[in-house]
Amino acid sequence: SEKMKVVIRTTKDMTQKKAFEKLIPYLYVLRKKNCSWAQITTLLNEKCGFDLQLGTVRTYFGEMAKKHTDICQSAMEKYIFDAAEKKRKE
């Protein structure tokens, strides 16, 4: 049954990784806004239903940010633009 546990864990990890990948633009913005790895890990685990260790979050983030540089940059530009618009309206 040890093999079964490994299969289930791998499937769960792969699912988490795919879900993490969809969130990378938002996580990228949070990192650029100086959110700590601990804060991001807590957010993912407590609010999004992940079950990740801090080291895994850093590893996934590194892989995904590199793989999706364009999407991450676009998300950051949108955040900056939206913040400027909000400030302008105040």
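Reader: Take H68 in this predicted model: is H68 buried or exposed?

Author: The call rests on relative accessible area, and under 20% counts as buried. H68 has a relative accessible area of 15%, so H68 is buried.

Reader: Where does H68 lie, and which residues does H68 touch?

Author: H68 sits in the loop between helix 3 and helix 4, the latter spanning 69-89. Leaving aside residues up to four places away in sequence, H68 touches E21 and I24.

Reader: How many helices and strands does the protein have?

Author: There are four helices and zero strands. Followed along the sequence, the pattern is α-α-α-α.

Reader: How should I read the packing of two helices, say helix 2 and helix 3?

Author: Two packed helices are described by the angle between their axes and the distance between the axes. Here helix 2 covers residues 37-47 and helix 3 covers residues 54-67. Their axes are 9 Å apart, at an angle of about 100°. Angles of 65 to 115 degrees count as roughly perpendicular, and helix 2 and helix 3 are therefore roughly perpendicular to each other.

Reader: Which residues of helix 2 and helix 3 meet?

Author: From helix 2 come W37, A38, I40, T41 and L44. They meet L54, V57, R58 and F61 of helix 3. Sorted by class, this contact has seven nonpolar residues, one polar and one charged.

Reader: What about N34: where is N34 placed, and what is its phi?

Author: Most residues other than glycine have a negative phi, and most peptide bonds are trans. N34 has a phi near 70°, which is a positive value in a residue other than glycine. Its place is the loop between helix 1 and helix 2. With 68% relative accessibility, N34 counts as exposed, whereas H68 is buried.

Reader: Is K18 buried or exposed, and how many residues separate K18 from Y60 along the chain?

Author: K18 belongs to helix 1. Its relative accessible area is 57%, so K18 is exposed. K18 and Y60 are 42 residues apart along the chain, and their C-alpha atoms are separated by 9.9 Å.

Reader: What do the totals for the protein look like?

Author: Of the 90 residues in the protein, 24% are buried. The accessible surface comes to about 6,800 Å², and 57% of that belongs to carbon and sulfur atoms. Taking contacts between residues at least 6 apart in sequence, 62% join residues at least 24 apart.

Reader: Where in the protein is confidence lowest, and where is it highest?

Author: Where pLDDT is low, the predicted coordinates should not be read in detail. For the protein, the mean pLDDT is 88, and 84% of residues reach 70 or more. Confidence is lowest in helix 1, residues 2-32, with a mean of 78. Confidence is highest in helix 3, at 96.

Notes: Residues numbered from 1 in each chain as written. Predicted model: local features only at pLDDT ≥ 70, side-chain atom pairs only at ≥ 80, totals over all residues. Heavy atoms only, no water. Axes fitted to C-alpha atoms, helices over the stretch in contact; angles between N-to-C directions. Parallel < 35°, antiparallel > 145°, perpendicular 65-115°, else oblique. Contact = heavy atoms within 4.5 Å. Nonpolar A, V, L, I, M, F, W, Y, C, P; charged D, E, K, R; others polar. Buried < 20%, exposed > 50% of the residue type's maximum accessible area, 1.4 Å probe, protein only. Areas by Shrake-Rupley, 256 points an atom, 1.4 Å probe, with all protein chains shown as cover. pLDDT = per-residue confidence, 0-100.
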